[in-house]
Structure formats: structure tokens, C-alpha cells
Amino acid sequence: MTHSPEASPTTLEQEREEQLRWKLLPQYSGLPLFDRLVENEFLPQEVHQQQQLQRLRKIIQYARDFIPYYQTGDSSMYQIGKLSDLSRLPILTKQEVIDHFKTLQCAHLPRGGKAGGITSSSGTTGRPVSVAQTERSMRMFSIFRQREARWFRQDPTALAARMRFPQTFPRQKNGSLLANGETYTRKRWSHQGLYFETGPEVCCNVENTREWQIEWLKKHRPKYLESPPTIFEELIMANNQKKPVDSLECLVGIGTVVTDSMRSIIERIFEIPIHQNYGMNEAGIVAARCSAQRYHIHTEHCFIEIVDQDGLPVKPGETGRVIVTPFKNLQMPLLRYDTGDLAIAVEGACPCGRTLPSIGTIVGRYWRYASLPEGSFKRFMAIYNTMKWMPPELLVNLRQNQVHLYRDMRFEIRLRTVGPLSPEFYKRITARWIEAAGESEKELLSFKEVDHIEGSPGGKHLEFSSDFFSDEDRKITNVDI
Ligand SMILES: [Zn+2]
């Protein structure tokens, strides 16, 4: 397994070798694109910088020439002599994308360009942010899913499984969404199979019970499983802290950030690595996580900045907002789009051996927490981490949990159980709570046994809910790519 951070660095030769396992479909035979991606991963830093600068200039000039939204304002800020000049351009907020949906688009795509539909994601005020894509920008999703599958050392001939929200699967023949209890089988993997010969894929609705899903996994015995990462934790809980199936070789967590504590429990119990990419529906997949735990940017596809409140780059080791400028979407180019995520900037060569620029830990969505009173997120994390680091024997009988913050600052830990929990479970959380909040606020923490935990309409389980979050925030918490 290559998931240990000490794994030896990869090399260009190894990646070329790995890419040979992937056979292009006959209609793409001879396509040099994927081999070029391999080579790009090891270019010298200066070449990456030069290429990023050229791609940025190109998309900025295009936006200036063809996109009404970018045709006003001082033309000097669109002159990019070096990468740092980019910070002269204003940051594009989610709200601005919503308000200027029409003027951010070009009237006619350049020759050869084809519209590719609309992707949507969550917005700060609750309204979804929609972005019109080109056929080409939509294909980027599949292209970079293949790059990451190579990095994750997946065997393309194997059986893969996906547990996702039914909206992400094609509708059934009768027009309905994939129902609970049903299996949708594809001849090839959904993304990578667009370009490559792959093994088959089985899919089921994430809203099935975890008990049903465990049986389903035992029946199909896939080598890979892709799902929102909280599902992996719930599968463990539903199986009394044991590995649900022994056929799996890696997990791919989709949509939400996997925290260190979550990763630790999932990898320990499943005994396999959990891999992740980073992306958003508005901009596509922008990075993939390597064995050294950095997220490498797909520089062919976008430019990423991590900035402070003034829109200037933060120093390595500091946390800032993730700003993305995608290169390929000529229908609706977004320049310096504010993703709503926070990440830690890093510097220097990555121990994994790849030279693609990288970012460190992705902290998550800052706008969700921006509305919380000071100190409350820290208190939530204290409870959350205590639960995640709990020895497995204390979690037997626990099936789901959620921390809820009321407007009067009371925290309620909601527990769905199938039997009593150890007194030690309550003791540990209470002790940590007193440490974080102080003895005087001891009474602000309570536990409640529940039969059901409220998620989003898609059934997504929310580990942290609060009356301070708007209803829309609660509904749309994650991208689904
Ligand atoms: Zn790396």
C-alpha cells in the first residue's frame, strides 16, 4: 500500500509504467493527452510557472475580449506581466456569479466550441451558484479522475463500486431515480471509462441503510468504493467497529473534507487508504491528494491562489481562502473565483516526487462557519475530535451522531444507538467539553438519544448542525462530483 506518508517518492518512469495499465478506447487510440499529463507532473518548477502565466494571460484576454462582465473597468488590471499581478483583479464571489449569470457568458463560443450544460453548487446566501460549461470543460472531470486513479494506483480492470445520491446516476427507464434496494450496473467506470477500457462498476443509492449497504458490498465484493466519507464511518459503526467487507483495496471520499481524525479511524478499521480529490461543480476537479498528503493542482486546468482578506497570497503554513481561475471554460470564464473553502499554503518540493504546485490541508467551507458566534466552532471541534479518537470499543452500539448548536449556545449531542453506550463515552466527552468551554459552562452540553438524525433532502448526514446556519446552508453543504 502506498498510503503511508513515508512511501518513497514516485518518478516519471514509474508513472509512465503505471499509465501503461490504462488502455485507451479504440476511438481515442493515439491520443497524446494522458501521456502529456504524466510528463507534466515532473516538469521543473520554472516551467510550471511559465505555463501557468501563459494560460492565465490567455483566459484573461479571452474574458476581456468576449465576456460583457469583463469589458468594463480599468484595462490595466487585466495586464498580467507576472503571476503576482493577478491579485490586481478583483475576487469573484458566489453572489456575483449568481447576479451576473448572463453577462459572465459569451454570446457565441469560438469555432469548435460546444455548450456542455450547467453545473450547480451551493452559494453563500443559499441560492445555488450555476455555471454554464462547455463540452470541453465538462470533459475535464473525467480526464482528472483518470490522473488521480493512476496516483491512487487503482487497477482499471477491477470492479468499482459507487454509493452516491441518486441524482448523480442516470434516471431509470421509467424516469425515476435509482431507488433503495436497487443496483445500477455500468459496463465501465463512470468517469475513467469515458476514455479507457475499464472493469465494470456497480452503483447504489447512498440513502439505503448502512446494514443493506454492507450486505450489498459483501455480495458484489468490489475492489474500490467511492462515497461521501461520512458513509465510511457509518458503515464501520453499523458493523460494530469492524471492517464491513474484505475485498476493498482503497476508498475514495467524495464531496467533503476528510479530517485527520476521520481518516485515522477509517484507515485503521478498513485497513486500506482513503483517497481524496478536491473540486467544486463550478470549476471542476482542481487538485488530487498525493501520498505525502498534499493536494497537487491540475495546472493544465486551473490556477489556484490561497489569499488573505485583502486578496493577497498568504505565507506558507498560513490558512487562507482558496481562489480558483479555471482555464478551459470559454462559455463562462470565472477569473479569481472564491470557492468558499479555506486551505493551508505550503512551499517547497513535495516528498511524493511530483513537481505540480500544491496546497496543504483543505480546512473546509469558511462561509458555513462565518455566521457562528466566536469560539463555537472550537467547541464543536473539541467534541468532534474526542468522538473520533475514541477507542472503538466505546463506540459499539453507536450508529450515527450529530452535534447541534442552539441559538442560546447550548450544544446537544444527538446519538442514534442500538443499545447502551459505555459510561466512559459520556465521561470523555464531558471532560473535554469542560476543558474547552470552562467549568462554568458545563451545563451547556447535553446528550440526547434519537431515532432519526436529520440530514439534507439528499439524505446527507450532517455531523454539525446549528440554528445559526441558514436553512439553505443546511440543505446544500457539499459538491457532488
Ligand atoms: Zn505530493
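User: If helices (H or I, at least four residues) and strands (E, at least two) are DSSP runs numbered from the N terminus, where does T11 lie?

Analyst: This is a predicted model, in which local features need pLDDT of at least 70 and side-chain atom pairs count only at pLDDT 80 or more, whereas totals for chains, interfaces and linings use all residues. Residues are numbered from 1 along each chain as its sequence is written, and side-chain values use heavy atoms, with hydrogens and water left out. T11 is partly exposed, with a relative accessible area of 32%, on a scale where buried means under 20%, exposed over 50% and partly exposed in between (1.4 Å probe, protein chains only). As to its place in the chain, T11 lies in the segment before α1.

User: What distance separates the centres of domain 1 and domain 3?

Analyst: The chain is divided into domain 1 (14-139 + 279-369), domain 2 (153-272) and domain 3 (371-475), with bounds that come from an automatic or database domain assignment. Taken over C-alpha atoms, the centres of domain 1 and domain 3 are separated by 35 Å.

User: Which elements do the buried residues of α1 pack against?

Analyst: In helix α1 (residues 12-19), the buried residues are L12, E15, E18 and Q19. They lie on the same side of α1 because they cover an arc of only 125° around the axis, an arc built from the directions from the helix axis to the C-beta atoms. The face turned away from that buried side carries the exposed residues E13 and E17. With contact meaning heavy atoms within 4.5 Å, the buried residues of α1 pack against α2 (33-40) and α5 (135-151).

User: Which residue in β10 is the bridge partner of A288?

Analyst: Strand β9 (residues 284-289) has six of its six residues buried, so it is largely enclosed by the rest of the structure. Two strands pair if DSSP finds at least two bridges between them; β9 runs antiparallel to β8 (residues 274-280), joined by four bridges, and also pairs with β10 (residues 295-297) in the antiparallel sense over three bridges. The hairpin of β9 and β10 has five residues between the strands, among them Q293, with a positive phi of about 70°. Within β10, the bridge partner of A288 is H296.

User: What arrangement do the four donor atoms make around the zinc ion?

Analyst: Donors are N, O and S atoms within 2.8 Å of the metal (3.2 Å for Na, K and Ca), and sites may look incomplete, since water is not among the atoms. The zinc ion is coordinated by C290 (SG), H296 (NE2), C350 (SG) and C352 (SG), at 2.1 to 2.3 Å. C290 lies in the loop between β9 and β10 and C352 in the loop between β13 (337-345) and β14 (358-365), so the pair ties together parts that are 62 residues apart in sequence. Four donors count as tetrahedral if all angles lie between 85 and 135 degrees, and here the four donor atoms subtend angles of 101 to 113°, which makes the arrangement tetrahedral.

User: What is the relative accessible area of E271?

Analyst: Most residues other than glycine have a negative phi. The phi of E271, by contrast, is a positive value near 60°, and E271 has its place in the loop between α8 (260-270) and β8. E271 is exposed, with a relative accessible area of 53%.

Conventions:
Four donors count as tetrahedral if all angles lie between 85 and 135 degrees; four count as square planar and six as octahedral if opposite donors are over 155 degrees apart and all others between 65 and 115; anything else is irregular.
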